[in-house]
Amino acid sequence: MKLAGSYQINLSKEKVWEALNDPEILKKSIPGCEEFKKNSETEFTATATNKIGPFNASFTGDIELTDLNPPNSYKITGSGNSPVGFASGEATVKLEDKEGGTNLIYEVEANVGGKIAQVGSRLIDMTAKKMADIFFGKFSELVSPKEISSSESSIEEKGGLEDQAKPKKQNQKILIFAGATLIVAILAFLFL
Amino acid sequence: MASLVGSRVERKEDTRFLQGKGRYTADINIANQTYAVFVRSPHARAKIKSVDTSKALKSSGVVGVLTGKEIAEDKIGGLIAGWAIRSEDGSEMKVPANPPLAKDVANFVGEPIAVVFAETLDEAKEGAEKVKVDYKVLKAVVDPAEAMKSEAIHDGVDKNLCYDWLLGDRKAVDEAFAKADKIIKVDLINNRLVPNAMEPRACVVDYNTASEEITLYTTSQNPHLSRLVMSAFGGVAPENKLRVVAPDVGGGFGSKINVYNEEIVCSWASKKIERPIKWVAERTESFLTDTHGRDHVTHAELAVSNDGKFLGFKNETIANLGAYARVFGTVTPTYLFGPCATGVYVIPAAYSNVKAVYTNTAPVDAYRGAGRPEATYTIERLVEKAAMELGMDKTEIRMKNFPTQFPFKQTLVHTVDSGDYVAGLEKAKQMADYAGFEARRKKSEANGKLRGIGVSSYFEACGIAPSAAVMSLGCGVGLWESAEVRFNPTGQISVFTGAHSHGQSHDTTFAQIAADELGVPMENIDVVHGDTDKGTFGMGTYGSRSLTVGGIAIVNACKKIVAKGKRVAAKMLEVNEDEIEFKDGEFVALKSNKKKTIGEVAFACYLPGQRDEMKSPIPEGDEPGLIESSFFDPANFSFPAGSHICEVEIDPDTGNVKVEKYTAVDDFGRIVNPMIVEGQVHGGIAQGIGQALHENTQYDETGQLMTASYMDYTMPRADNFPEFNLGFTCTHATSNPLGVKGCGEAGAIASPPTVMNAVIDALGGQEISMPATAEKVWKACKTMKKSNAKAA
């Protein structure tokens, strides 16, 4: 299956990445996300559980980041398994400056198998879109200046400090989290 | 007494079915039963590196977990191919092993790997989710046209080729083609179909620890055959310790001929865990694992003369067998397809070459019509195209090539005993108002619509079949049928048949036949089928064989009852046997006009004595009782035939195809119950229109089934059909005493080409493939518009 989309986030690229650096924000943004486990600089394991439609599945996805081109683009290769089937695929992610904010563009090519493939691509596509909206909606809500200025102000401070202190290494780390976030979100879409 | 054969007797079975009182396999529950859930491969092709059952075994309510390892250790055999087909070079077909639970490699999505038994269905499902299978995913072979160029999926099956089969004479065909004025060519795809029986497959197994007998309740079209296969090849139990019951079965269409993995596994496991087991397929499991139908890629050519005479025919087909060769899998694209591909025509030279390939998809086997719909689609598309290219009328070109003499020695295999193809087509033309079509086309045009008319004439070889013939062609068993008629002392009669009714109305038609033969009311007769402990033996129901083979066995057994009755009545009436006439249920002594009813005779057969009288009514050499059986093996196949005409109207703005008129004229020989026959024709046409316009089974390039539910697989609905206009002609079959030919498959055989010919006619000859969905037709309409604009 193929899935593509883009989201406009009203923050600068750098700010978006800062926020992406916070595991708590990611956890809150991804539907059903339970944990990220870092296996190496570019390899991750992520777990999420979702109960939507006929399935209630906990799945684990292995993620690898390649073609790193900070801060513009990268590729995420991932595969996830659960009792209701599997998903494997590639996502290309691009970040662009747009209208004073950041436009995040993704393209996913994935193979899904098992029960999840059998429920029908129309249902999967529809649900994937819906899940993407939930993810980015939640994410924007959590990182937008209004919110940050109130209860979540510490996040901005933390992210900002880290970004300034060790830009290169931190960029990579940010990317990894961004990648992990996306692939888990994508796997979550596929597993609904 | 009026004959019941030929009358519209209402169906006996409707009372229970319409009241929801049918008793299906899933309705059966046995005390202390466990529930089975199968762990299936999510991959189309993968090595099974390991199967870890430890977590599943600890799961709540789980009673047992079994895998391919245990079934191999217990030496339980796998699923079988029922027909051995030889390649053109004389080599035997290549058949891979098909274990009931895959141990080393999974070859299609849905193939069972392990099974979990638990106290409740939910617990079994939960347990199944905890079985951890470690796979190494391999590249799947999905497209049949590419299979021979792809990596071999089975050891020892080079190029994924099961066989490369030839029927006919290539040299004679080349000579005929060299002399032809015109060669008509078509490239066709016969779309893969999911049979979609209303009742999903199911089984309930009860192992009796005392008698060591296994009772298997299952959704089968042929319980005796299932027992034979499970005993002889599966080694599940000796035949006399295995009882197979197929109670009410909600449709089969060929998909319930096979003995499936689940039945073998549950039967074996019930003995192992010493608990009854129940398994009922979910709808998607049916989509994934029921044998599919059709799936041919065909290139065919017809050599014609300018005046429309057919000179030669060639057919090059790749048939997709799916992952494994099953019971009728290998014969469906060969002997059930090749011979019929020359259709109802005199064609001096012909050949059919079929390459059957394995792919990582569900096994493909017989589906309503089995090979004959594919054959009819091939020849009838060619004939219609020939008419178009020669500028001849569609019906004229057919008439010109029909045989006029019967028996008709068809080009490739069959000698058709009887028929009148000209009469059938004439009648269809008249009933469809063929002459008035142009006026209707103009009227549609005026409304902005495209109207087309399509014709198809077919014959089929069914009543499967003469044992000697089918065994010479590679069938593993003889296809006779048996019957037993038990005339009970109190006058009720049980008719046992080896055929199996799963929608065919045997309770009614077989009772009609027996009632006529025995001269008793139909109400006195009970037709019994579907239980290996009750009936003698039987080969089951498929290939329109129940009436033409099984029905005749009933007739013959009834005749034996009457013959014995005559001998007994003669003794009772104190006359010679040849002085007795049997009529309307009475044995009449011709001279004295004294009579005994068949009921009195039956009573005497069981109670052959009276107080104070030493005489026995049982003649010397006869035994008491009135039970007779018969095994009938026909002399030939039977050959129903007919002509169908369809009119469609296309809305070029939406591509929607509306079937406006559908006329079917069929020759089924003698008809036992016209109402039931009409029902069979309706169902067949509906399935054929489904294939032509709606249904398609689609795998993606990795072998995932994309059409695994009714969300994505389009079934035809009542509002897709017009009222069917049915007519009949009748020439009696000479191969059986009733003169019957069979009607179960005809509708599904004739209708796909009829509808497609009409669609293509409406599109001005532009060829499109089945199913002619709105999207495809809309695109074709746009192309047509463009080319019309260019021409203008």
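In this predicted model, the side chains of B:Arg40 and B:Glu285 meet in a salt bridge, with 2.8 Å from N to O. A salt bridge is counted where a side-chain nitrogen of Lys or Arg lies within 4 Å of a carboxyl oxygen of Asp or Glu. B:Arg40 belongs to strand S1 (residues 34-40) of chain B and B:Glu285 to helix H9 (residues 283-289) of chain B, so the pair ties together parts that are 245 residues apart in sequence. Helices (H or I, at least four residues) and strands (E, at least two) are DSSP runs, numbered from the N terminus. Over all chains, the search of the whole structure finds 53 salt bridges.

The model is predicted, and local features need pLDDT of at least 70, side-chain atom pairs count only at pLDDT 80 or more, and totals for chains, interfaces and linings use all residues. Residues are numbered from 1 along each chain as its sequence is written, chains are lettered from A and ligands numbered from 1 in the order in which they are written, and side-chain values use heavy atoms, with hydrogens and water left out.

The domain assignment, which is automatic or from a database, divides chain B into domain 1 (14-138 + 199-250 + 256-289), domain 2 (369-464 + 636-791) and domain 3 (480-632). The C-alpha centres of domain 1 and domain 2 of chain B are 38 Å apart. Between these two domains of chain B, 8 residues of domain 1 are in contact with 9 residues of domain 2, where contact means heavy atoms within 4.5 Å. Domain 1 and domain 2 of chain B bury about 680 Å² between them, 61% of it on carbon and sulfur atoms. Buried area is the accessible area (1.4 Å probe) that two parts lose on being put together, summed over both. B:Ala44, B:Val109 and B:Phe287 supply 59% of the area that domain 1 of chain B buries against domain 2 of chain B, more than any other three residues. Domain 1 and domain 2 of chain B share 0 salt bridges and 3 residue pairs in polar contact, with both residues at pLDDT 80 or more. A polar contact is a pair of N or O atoms within 3.5 Å; within protein, one must be able to donate a hydrogen and the other to accept it, and residues adjacent in sequence count only if both atoms are side-chain atoms.

Between the chains, 14 residues of chain A are in contact with 15 residues of chain B. About 1,100 Å² is buried between chain A and chain B, with 52% of it on carbon and sulfur atoms. Strand S7 (101-113), helix H3 (115-118) and helix H4 (121-143) of chain A each supply at least two residues of the side that touches chain B.

Two local features concern the backbone of chain B. The peptide bond from B:Phe406 to B:Pro407 is cis, with omega near 0°, and B:Pro407 is placed in the loop between helix H11 (394-401) and strand S16 (408-409) of chain B. B:Glu574 is not a glycine, yet has a positive phi of about 60°; B:Glu574 is in the loop between helix H16 (546-573) and strand S22 (580-583) of chain B.
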